[in-house]
Each structure stands twice: as C-alpha cells, then as structure tokens.
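Dear colleague,

Please find below the sequence and structure that I am handing over to you.

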Amino acid sequence: MSIDSLTGLIRTIPDFPKPGIQFRDVTTLLADGAGFAELVERLASVARPLDPDLIVGIEARGFILGAALAAALGKGFVPVRKAGKLPGRTVGIDYVLEYGTDRLELHEGQVPPDTRVILVDDLIATGGTALAAAQLLREQGASVLMALFAVDLPDLGGKALLEADGVAAQALIAFEGD
Ligand code: AMP
C-alpha cells in the first residue's frame with residue numbers, strides 16, 4: 001500500500017478540539033486492517049535498523065502504535081502517561097503548554113540507565129509533548145535513538161524543535177499547511 005493510500009485513510013475533523021484546528025484522526029486508519037498492518041510495517045522498517053532495546057509510547061494514541069511496533073520488533077513497551085495515571089512509583093517531568101503546564105510520568109525503573117529507546121506517538125505538532133518525553137527519558141540515563149511518528153504537521157515545527165535538542169525525528173506522513 002502506498003503512502004498516499006495510507007494518508008487517505010486518515011480522517012480530518014475540522015475545528016476539533018477547538019476552532020481552527022484540523023484534527024488528523026488516525027482511528028480511521030487503525031480501523032482498516034490492511035492499513036494498520038502497513039503502517040506498523042513501515043514504522044518497523046524505520047525502527048529495526050536502529051536496534052532499540054525498548055519502545056516508549058506517549059499517551060494515548062502513542063500506546064497503540066508503540067505497542068504494535070514493539071511487538072513487531074520483539075521488544076518491550078513502556079508507556080509515558082499524563083500525571084496520576086500510573087499505579088506504581090513514578091518519575092516525571094513538568095512542561096509548559098500554550099496555556100499552563102502539564103506533566104508526563106513513567107514508572108520508576110522501567111527505563112534503566114543506558115537503555116536505547118525509540119519514542120513513539122501518532123502525531124507531532126509543536127513537538128512540546130515529545131520533547132518533554134525525550135527529556136524525561138534522558139533524565140533516566142537512556143539514549144533516545146529517535147522519535148518516530150505516523151504523522152507530522154511540518155508547519156508547526158515540531159521535528160525541528162526535537163532535532164535542535166539533539167533528538168532525531170522522523171514521520172511517515174506529512175500534512176503541509178496545518
Ligand atoms: P504537540 O505537543 O504540539 O506536538 O502535540 C502532540 C500531541 O497532541 C500528540 O499526542 C497528538 O496526538 C496531539 N495532536 C496535536 N495536534 C493534533 C492534530 N492537529 N491532530 C491530531 N492530533 C493532534
């Protein structure tokens with residue numbers, strides 16, 4: 001299946017969650033068996049040569065793609081969640097949003113020092129979320145081999161933000177002009 005066909009399976013919902021945002025909804029792609037398999041295979045082709053120890057996915061849609069990728073590679077999966085969701089002892093990082101701050105957390109000890117990690121989310125927009133997750137992983141002594149996304153919104157500069165901080169970033173699909 002071509003990248004254009006994969007892109008065509010992503011639904012765009014205008015003005016969600018607020019006016020002016022074009023929400024790129026990957027659930028329509030996930031609901032398509034051939035499309036989902038193709039997406040995971042393409043993510044695996046990018047990730048496999050880097051030989052990561054662990055895949056880390058960002059809540060919530062990063063869990064779906066990250067877990068599928070981890071299983072395809074035969075590697076473990078670790079979730080990065082919003083504050084207060086993980087039941088065990090956590091380590092976390094606070095980061096600044098457009099309005100206010102937010103916090104990401106990880107179960108303590110699930111990313112040991114020197115672990116080679118690939119970070120996964122469905123989409124990168126401004127890059128703030130992925131950058132915070134990458135910083136949290138580095139604080140654990142991990143090395144972030146790459147941040148990998150299904151979708152990039154290049155006009156929002158997220159990949160450039162990550163790369164300026166030394167985190168290689170790649171996406172399979174780009175929506176220009178968002
Ligand atoms: P950011 O921190 O700005 O890169 O935002 C990334 C997070 O917000 C990801 O977890 C995305 O799933 C979600 N997100 C931001 N903008 C959009 C959009 N236009 N369509 C779908 N998801 C988005």
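This is a predicted model: local features need pLDDT of at least 70, side-chain atom pairs count only at pLDDT 80 or more; totals for chains, interfaces and linings use all residues.

The protein contains six helices and nine strands. Its C-alpha trace spans about 40 × 40 × 30 Å along the principal axes. The radius of gyration is 16 Å, which agrees with the value near 16 Å that a compact globule of 178 residues would have.

As to the ligand, it sits in the largest pocket. The shell around the ligand holds 15 residues, of which Arg-61, Asp-122, Thr-126, Gly-127 and Thr-129 come nearest. Three elements, β2 (22–25), β7 (116–124) and α5 (128–139), each supply at least two residues of the shell. The greatest share comes from β7, which gives four residues.

A polar backbone atom of Gln-22 is 2.9 Å from a nitrogen atom of the ligand. For Arg-24, a backbone N or O atom lies 3.0 Å from a nitrogen atom of the ligand. Gly-127, one of the residues that come nearest to the ligand, has a polar backbone atom 2.7 Å from an oxygen atom of the ligand. The ligand taken alone exposes 490 Å², and the protein buries 81% of that area.

Yours sincerely

Terms used. Residues are numbered from 1 along each chain as its sequence is written. Side-chain values use heavy atoms; hydrogens and water are left out. A residue is near a molecule or strand if one of its heavy atoms lies within 4 Å of it. A polar contact is a pair of N or O atoms within 3.5 Å; within protein, one must be able to donate a hydrogen and the other to accept it, and residues adjacent in sequence count only if both atoms are side-chain atoms. Accessible areas come from the Shrake-Rupley method with a 1.4 Å probe; for residues, only the protein chains shown count as cover. On a 1 Å grid over the protein atoms alone, a cavity is a set of points where a 1.4 Å probe fits but cannot get out, and a pocket is an open set with protein on both sides within 12 Å along at least five of seven lines; lining residues have an atom within 4 Å of a point. A molecule sits in a cavity or pocket if more than half of its atoms lie within 2 Å of its grid points. The radius of gyration is taken over C-alpha atoms; the globule rule is 2.2 Å times the number of residues to the power 0.38.
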